[in-house]
Amino acid sequence: MKSKEAEAEPRRELRVLLAEDNAVNQQLVIHLLEREGHEVVVAENGREATEKFEEGAYDLVLMDVQMPEMSGLEATRRIRKLEANDGEHSVPIVALTAQATEADRERCMEVGMDAYLSKPMKEEELDEILAELSADAPQG
Ligand code: MN
């Protein structure tokens with residue numbers, strides 16, 4: 001992580017797909033993202049996440065692992081498959097989960113997630129990931 005440097009660089013607004021079934025966590029993440037000027041689209045479960053992913057262009061996906069109807073792991077598998085079919089670049093997918101074992105992390109990486117945030121979400125950890133993404137991504 002290079003949060004200090006990233007903070008000094010110009011930021012751009014990100015369009016974020018938040019897949020999260022818990023209303024309290026939804027509101028927390030929406031608050032943190034909108035406060036930084038980012039745009040948030042919410043999906044209530046994994047199936048809705050894949051549908052919304054297909055409909056719009058996103059800079060980042062925050063994916064809860066445990067959701068009804070379709071898990072974050074399965075939704076990530078499907079999103080990566082959609083991307084492969086379309087020949088598009090990979091959108092970063094960050095796992096949100098209360099599970100913290102090494103095996104859980106590995107499972108997230110195996111299905112194509114890029115990073116991992118443990119719940120309850122820590123503001124500093126989210127900020128670090130956002131700073132990296134908005135600094136690394138091409139402007140405009
Ligand atoms: Mn959940």
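Me: Leaving aside its neighbours within four places in sequence, which residues is Thr76 in contact with?
Reply: Thr76 is in contact with Met63, Ile93, Val111, Gly112 and Met113. Contact means heavy atoms within 4.5 Å.

Me: What kind of model is this, and how is it numbered?
Reply: It is a predicted model, in which local features need pLDDT of at least 70, side-chain atom pairs count only at pLDDT 80 or more, and totals for chains, interfaces and linings use all residues. Residues are numbered from 1 along each chain as its sequence is written, and side-chain values use heavy atoms, with hydrogens and water left out.

Me: Where is Thr76 placed?
Reply: In helix α4, residues 72–86. Helices (H or I, at least four residues) and strands (E, at least two) are DSSP runs, numbered from the N terminus.

Me: Is Thr76 buried or exposed?
Reply: Thr76 counts as buried, at 0% relative accessibility. Buried means under 20% relative accessible area, exposed over 50%, and partly exposed in between (1.4 Å probe, protein chains only).

Me: Zoom out. How many helices and strands does the protein have?
Reply: Six helices and five strands. From the N terminus on, they run α-β-α-β-α-β-α-β-α-β-α.

Me: What share of the residues is buried?
Reply: 44% of the 140 residues in the protein.

Me: And how many of the contacts join residues at least 24 apart?
Reply: 63%, among contacts between residues at least 6 apart in sequence.

Me: What does Asp64 form a salt bridge with?
Reply: Lys119, with the closest N and O atoms 3.0 Å apart. A salt bridge is a side-chain nitrogen of Lys or Arg within 4 Å of a carboxyl oxygen of Asp or Glu.

Me: Where is Lys119?
Reply: In the loop between β5 (115–118) and α6, 55 residues from Asp64. Lys119 counts as buried, at 19% relative accessibility.

Me: How many salt bridges are there in the whole structure?
Reply: A search finds 15. One of them joins the side chains of Arg35 and Glu36 (3.1 Å, N to O). Arg35 also meets Asp127 in a salt bridge (3.7 Å, N to O).

Me: Which parts does the pair of Asp127 and Arg35 tie together?
Reply: Asp127 lies in helix α6 (residues 123–136) and Arg35 in helix α2, so the pair ties together parts that are 92 residues apart in sequence. Asp127 is partly exposed, at 22% relative accessibility. Arg35 is partly exposed too, with a relative accessible area of 39%.

Me: New topic: rings. How many aromatic pairs turn up?
Reply: One, in a search of the whole structure. The rings of Phe53 and Tyr58 have their centres 6.5 Å apart and their planes at 20°, so the pair is stacked. Rings of Phe, Tyr and Trp (its six-membered ring) pair if their centres lie within 6.5 Å; planes under 30 degrees apart count as stacked, over 60 as edge-to-face and the rest as tilted.

Me: Are Phe53 and Tyr58 buried or exposed?
Reply: Phe53 is buried, at 9% relative accessibility. Tyr58 is buried as well, at 9%.

Me: Last one. Which residues have the most contacts inside the largest nonpolar core?
Reply: Leu17, Phe53, Val61, Met63, Cys108 and Met113, in a core of 22 residues. α4 gives the most to this core, with three residues. A nonpolar core is a set of buried Ala, Val, Leu, Ile, Met, Phe, Trp, Tyr and Cys residues joined through side-chain atoms within 4.5 Å.
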